[in-house]
Amino acid sequence: MRIYKVGGAVRDRLLGKPVTDIDWVVVGATTEEMLAKGFRPVGADFPVFLHPKSGEEYALARTERKSGRGYGGFTFHASPEVTLEEDLIRRDLTINAMAEDDQQNLTDPYHGQRDLEARLLRHVSPAFAEDPLRVLRVARFAARYATLGFTVAPETLALMRQLSESGELEALTPERSWKEISRALLEDQPQVFVEVLRACSALKVLMPEVDALFGVPQPPAHHPEIDTGVHTLSVLQQAALHKQPLTVRWACLLHDLGKGLTPENEWPRHIAHEFKGLKLIKAVNERFKVPKDCQELALLVGEYHTHGHRALELKPSTLLELLQSFDIYRRPQRFEEFIAACEMDARGRKGLEERSYPQADYLRGAATAARSVAVQPLLEKGFKGPELGEEIKRERLKALKAYKEAAST
Ligand code: ATP
Ligand code: MG
């Protein structure tokens, strides 16, 4: 049996990037031989094993053929006769279809090295079209390597468009899609992911609510960039620049969806877009079975981001309602993430990227003021049940009035 490093490990070494996980391909071996060597089988369907010591993935060289819709619709053929070249041709991109032996000798039948130098994400063969997930993968790699100057080869983008328009993307499971989307959002240039999906018409299929924002104008006084789609991408870019977590990035992507629903005769104003957007945010959340913390923050940011921007003008009672909605007493982290998303929204505007955002500290101070109301003295005064709740609220309101007054002098 011969063993080669493949995929990301080879690509990233040639790019001079740190290699984190290594994938291996094994040529000329049978499942029985692997098991005899102590490798542990991973799944029933794939001829993939885990190394007994390193835990790294070793896959038997295989060919694939499409036999139906979706990911289940694949037949695999793994046997000792399958060559390295046959295994590499089923891979998505030429830069991911190189192999390396233990002497660092490169096997590169599809010219991955040439495309690395040309900074091109190019599909290996027409079989690319057999798995629609590759559309998302290419967009994710585009986001990851944009900083190095990589772009999607025009013929690959054309193939991605064909896939998007064929309806195949709809066969993707929420789990597979979300895995790519979440990883892409965590890249350095997540906005490139959205741009590439849009360029190949996949955005219209996957997230029509986001796609609809392009071409929708906003008031130039607040939004010098005008276009809502452009704004959304800038907000996402700011979130990456400021190393925000996935929850915040997801909320940034979805915060203005309501603006896509504004009737044209109301443009460029977007009355109540915060509330109108909620059902769209919910739909996207559910479509990809998004983790609960991401879902929640996206909905809260969607509903309250304008409150965040207007924090200094809010009446104490409105401020209190905001803090209560976030349950800042039990969920302090979530409120911090809300503040971060609002700040990214404020900075994701043309020419305003460096602006200061005094609302952030003001909101933090308000939260501290509301939290400073102690419950024990009220209990001692004999309050209980709903009355206790009302009294705590009154005290918090008092604290916020004092806070607001102190802040304005
Ligand atoms: P990363 O750095 O994100 O791990 P990677 O290239 O190693 O990047 P993996 O998802 O670990 O990506 O997959 C390893 C290799 O398997 C890829 O480089 C590619 O050759 C191949 N591969 C993975 N998924 C697909 C797919 N859906 N279609 C075609 N080839 C794929
Ligand atoms: Mg990998």
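Predicted model: local features only at pLDDT ≥ 70, side-chain atom pairs only at ≥ 80, totals over all residues.
1. Start with the rings. Ten aromatic pairs turn up in a search of the whole structure. One of them joins Trp24 and Tyr58, and this pair is stacked. The ring centres are 5.3 Å apart, with 5° between the planes.

2. Look at where these two residues sit. Trp24 belongs to strand 2 (residues 23–27) and Tyr58 to strand 5 (residues 57–60). The two are 34 residues apart, so the pair links distant parts of the chain. Both Trp24 and Tyr58 are buried.

3. Next, take Phe326 and Phe335. Their pair is edge-to-face. Phe326 is buried, as is Phe335. These two phenylalanines also belong to a cluster linked by ring pairs, together with Tyr304 and Phe338.

4. Two arginines sit over rings. Arg198 places its charged end over the ring of Phe214, 3.9 Å from the centre. The charged end of Arg140 lies over the ring of Phe141, and here the distance to the centre is 4.9 Å.

5. An N or O atom in its side chain is 3.2 Å from an oxygen atom of ligand 1. Asp23 contributes a polar side-chain atom 3.3 Å from a ligand 1 oxygen. Gly8 uses a backbone N or O atom instead, 3.3 Å from an oxygen of ligand 1.

6. How much of ligand 1 does the protein cover? On its own the ligand has 580 Å² of accessible area, and the protein covers 82% of this. There are 16 residues around ligand 1. Arg11, Asn96, Arg134, Arg144 and Arg183 come nearest.

Definitions and conventions:
Residues numbered from 1 in each chain as written. Chains lettered and ligands numbered in written order. Heavy atoms only, no water. Phe/Tyr/Trp six-rings, centres within 6.5 Å; stacked < 30°, edge-to-face > 60°. Helix = DSSP H or I, 4+ residues; strand = E, 2+ residues; numbered from the N terminus. Buried < 20%, exposed > 50% of the residue type's maximum accessible area, 1.4 Å probe, protein only. Lys NZ or Arg CZ within 6 Å of the ring centre and 35° of its normal. Near = heavy atom within 4 Å. Polar contact = N/O pair within 3.5 Å; in protein donor to acceptor, adjacent residues only side chain to side chain. Areas by Shrake-Rupley, 256 points an atom, 1.4 Å probe, with all protein chains shown as cover.
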